[in-house]
Amino acid sequence: MDVSLLLDNLRTPAILFFGLGVFAAVVRSDLALPQPIPKFLSVYLLMAIGLHGGVELMRSEIDTSVVLILLAAVGLSAATPLWSFFVLRLKLDVPNAAAMAATYGSISAVTFITATNFLDSLNSTDPAYTPGGYMVAAMALMESPAIVVGVLLARYFASPAKDSDSSSDPLPQEDRGKIDWGELLREAFFNGAVIVLVGSLLIGIAIDEKGWDSIQPFVYTPFKGVLCLFLLDMGLVAARRLSDLRRCGPSLIAFAILSAPLHASLGIAVAWLLGVGQGDALLLAVLAGSASYIAVPAAMRLAVPEANPGLYVTMSLAVTFPFNITVGIPLYLAIIEALWA
């Protein structure tokens with residue numbers, strides 16, 4: 001890997017603000033963003049990326065290659081929890097293995113946004129490095145399949161006699177095997193993040209160039225500054241989770257690190273087979289290699305309450321997320337550039 005690419009990524013303002021948040025938490029600073037602000041920043045970022053993606057989608061043509069990329073994205077999200085589950089079962093019980101498998105099958109929108117910012121910072125004049133607007137649709141489509149697969153795994157392999165003792169919040173015996181599919185699907189497909197992202201994407205498709213020009217100063221120009229603030233808060237949150245790593249054990253930490261490049265490699269392989277440009281390939285790799293810490297925890301608390309969020313949220317937020325935004329993104333691009341050369 002080109003070391004300068006890694007150093008350039010570490011010197012981008014967004015990553016430096018993430019590091020500042022980590023430092024503030026480590027030295028026990030009282031720095032904190034009031035609770036409504038991180039949520040506002042999250043909604044803003046999802047709205048901006050959705051609108052921009054919708055506009056780019058409006059400008060481009062939906063052809064067979066785009067449909068194949070979207071289908072591949074859904075397939076990756078649904079398949080990743082399957083092998084992850086059986087690997088994790090070597091160390092975890094069924095509920096925790098299923099919840100963590102769903103976490104690593106779903107995606108991190110913030111990692112995706114950081115990757116788009118990274119591509120933009122390259123200032124490349126090669127159009128192959130400009131991602132298509134349909135990649136935002138791919139991100140939205142990859143949020144939910146892993147959740148459904150994770151719940152199915154938890155229910156199918158549930159063994160009351162074996163797992164009831166290991167559960168911190170066991171389901172009543174009579175409720176095991178029952179799934180409130182209506183509530184689960186509502187949580188998977190209509191949670192706030194998906195609503196904002198998909199809704200903004202559709203609005204971006206519906207508006208014309210004049211409408212985009214009127215809203216662009218609000219959703220495009222301040223984007224990088226808002227991302228810096230959001231990653232400052234993410235650094236604080238991730239660092240405060242570091243103490244939880246002690247109960248996760250080295251094998252789970254190794255899984256959280258190694259699964260990212262492994263799953264990203266699958267995304268790169270799919271992108272190479274489909275013949276997409278380097279920008280789209282990087283975003284597909286980042287989506288495949290990232291792990292959810294917003295949508296999946298909300299759904300797992302509802303569908304698999306026996307699973308311990310202290311495991312799957314900590315692994316995703318304190319290990320995989322920092323790895324991807326600091327080392328993973330430039331590493332994936334280096335692999336892509338070597339394969340596409």
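Quick definition before we start: helices here are DSSP runs of H or I, at least four residues each, numbered from the N terminus. Keep in mind that this is a predicted model.

**Exercise 1.** Work out where Val27 sits and whether Val27 counts as buried, partly exposed or exposed.

*Solution.* Start with the place: Val27 falls in the loop between helix 2 (13-26) and helix 3. Next, take its relative accessibility, which is 46%. Buried means under 20% and exposed means over 50%, so Val27 counts as partly exposed.

**Exercise 2.** Find the partner of Asp120 in a salt bridge, and say which helices the pair links.

*Solution.* Asp120 pairs up with Lys224, and their closest N and O atoms are 2.9 Å apart. Now place the two: Asp120 is in helix 6 and Lys224 in helix 13, so the pair links distant parts of the chain, 104 residues apart. As for cover, Asp120 is partly exposed at 37% relative accessible area, and Lys224 is partly exposed too, at 42%.

**Exercise 3.** Describe the largest pocket: its space, its lining and the helix that gives the most residues.

*Solution.* Begin with the space, about 640 Å³. Of the 29 lining residues, those closest to the centre are His52, Thr116, Asp120, Pro131 and Tyr220. Helix 3 gives the most to the lining, 6 residues. Sort the lining by class and you get 13 nonpolar, 11 polar and 5 charged residues.

Terms used. Residues numbered from 1 in each chain as written. Predicted model: local features only at pLDDT ≥ 70, side-chain atom pairs only at ≥ 80, totals over all residues. Heavy atoms only, no water. 1 Å grid on protein atoms, 1.4 Å probe; cavity = no way out; pocket = protein on both sides within 12 Å on 5 of 7 lines; lining within 4 Å. Points joined across faces, edges and corners; volume = space filled by probe spheres on them. Nonpolar A, V, L, I, M, F, W, Y, C, P; charged D, E, K, R; others polar. Buried < 20%, exposed > 50% of the residue type's maximum accessible area, 1.4 Å probe, protein only. Salt bridge = Lys/Arg side-chain N within 4 Å of Asp/Glu carboxyl O.
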